[in-house]
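Please consult the sequence and the structure shown here while reading.

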Amino acid sequence: AACGGAASSAAPRGPEGALVKRADIKIEVVTHGQAIDGFWGVVRNGVKAGAADMGVSVNYSAPDAESDMVKMSQLIDAAVAKNPTGLVVSIPNPDALSPAIKKAIDAGISVVSMNSGSDVFRALGILAHVGQTEYEAGFGAGERFKAAGVKNAVCFNQEVGNQALTLRCNGFFDGLGIGADNGEVLTGNISDPAGMQATIEAALGADDSIDGLLTLGPSVADPALAAIESQGKTGKVHLATFDLSASALTAIKDGKMDFAIDQQQFAQGYLPIVILTMYAETRNLPTGNGSGLIMTGPGFVTKDGAADVIALSAKGLR
């Protein structure tokens, strides 16, 4: 769906002598997340705000299922066929998406990646990446659990095959001190919350020594909270999640969840639009300390700051 219109007389204008006019800049955004999802809805809000502030035209698209890399590759091809000024992509599966992304670059389209792909964007020739480094984010979560005295934690992966999620679990187990090869990963389907809850309940029931659980998205945090409560282990099993939602933030405020890892997804939608607009106009490019990586996380939302973030989350900004 289109997220912004061409610049009007009241819209921001680029510098005189710019390579292109903002009214002529068209940017395609292809991610693996539908905007109806809470997390990706905030990303799209960032995209829309960037389009409005820059006065450029932007179109957002995503496959119906986050794991449908064939469809996502087709969407990238369709975006390239429009010959846009720039392309923004997430890269959850580099093997599946690299050919389509390389076609865009070979066609002379400026590409910026966001959210997932921090470990591969340079090799693909992408200008910059906006997001967090997933392994380090997971490692930080593991360190926090270790400091809280957690000995036996599990990680729940709701989208097997998404390289970013694998890196999160690996970093978590390394930060916890047990090693990625020794950690237990539970799996499920993001579209089946009842099934995810049942899987977590079974694990907790089978192993009373489990004292920590990391979920990789707020859509898993809700079933995890329910599973812990149904097993009578609230306060006994430490729980944390990647990303924010109203229910996760409330659980943190109420002391039922330790923390949430915040990658500031509004910025992940907003900043690539700004970067591509600036690059189209002037060939200026933020380099992220020479690496091309613009970090939006990880940040950690704990009980002390949850109330402030709840208000921002209600407005679709966090």
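Leaving aside residues up to four places away in sequence, Met257 touches Ala221, Leu225, Leu239, Ala240, Thr241, Ala248, Ala251 and Ile252. Contact here means heavy atoms within 4.5 Å. The model is predicted, so local features need pLDDT of at least 70 and side-chain atom pairs count only at pLDDT 80 or more, while totals for chains, interfaces and linings use all residues. Residues are numbered from 1 along each chain as its sequence is written, and side-chain values use heavy atoms, with hydrogens and water left out.

## Nonpolar cores

Met257 is also among the residues with the most contacts inside the largest nonpolar core, which has 27 residues; the others named are Phe156, Ile200, Leu213 and Leu239. A nonpolar core is a set of buried Ala, Val, Leu, Ile, Met, Phe, Trp, Tyr and Cys residues joined through side-chain atoms within 4.5 Å. Buried means under 20% relative accessible area, exposed over 50%, and partly exposed in between, with a 1.4 Å probe and protein chains only. Two or more residues of this core come from each of β7 (153–157), α7 (193–206), α8 (218–230), α9 (246–253) and α12 (306–314). Helices (H or I, at least four residues) and strands (E, at least two) are DSSP runs, numbered from the N terminus. Helix α8 gives the most to this core, with six residues. Another core, of 23 residues, lies apart from it and includes Met54, Met114, Ala128 and Ile275. In soluble globular proteins, nonpolar side chains tend to be buried together.

## A buried loop residue and a helix

Gln158 lies in the loop between β7 and α6 (163–176). Is Gln158 buried or exposed? It counts as buried because its relative accessibility is 9%. Among the residues that Gln158 touches, not counting those up to four places away in sequence, are Leu165, Asn189, Met196 and Val220.

Helix α1 (residues 38–54) has 17 residues, which at 1.5 Å a residue should span 24 Å; its end C-alpha atoms are 25 Å apart, which agrees. The expected span is 1.5 Å times one less than the number of residues. Buried residues in α1 include Phe39, Trp40, Val47 and Met54. Just after α1, Gly55 takes a positive phi of about 70°.

## Backbone features

Most residues other than glycine have a negative phi, and most peptide bonds are trans.

The peptide bond from Gly297 to Pro298 is cis, with omega near 5°. Pro298 is placed in the loop between β12 (293–295) and β13 (299–301).

## The cavity

How many cavities of 30 Å³ or more does a search of the whole structure find? The search finds one. A cavity is a set of points, on a 1 Å grid over the protein atoms alone, where a 1.4 Å probe fits but cannot get out; lining residues have an atom within 4 Å of a point. The largest cavity has a volume of about 50 Å³, a volume being the space filled by probe spheres set on the points. Its lining includes Ile91, Ser116, Asp119, Glu134 and Leu167. Helix α6 supplies the largest share of this lining, three residues.

Notes: 1 Å grid on protein atoms, 1.4 Å probe; cavity = no way out; pocket = protein on both sides within 12 Å on 5 of 7 lines; lining within 4 Å.
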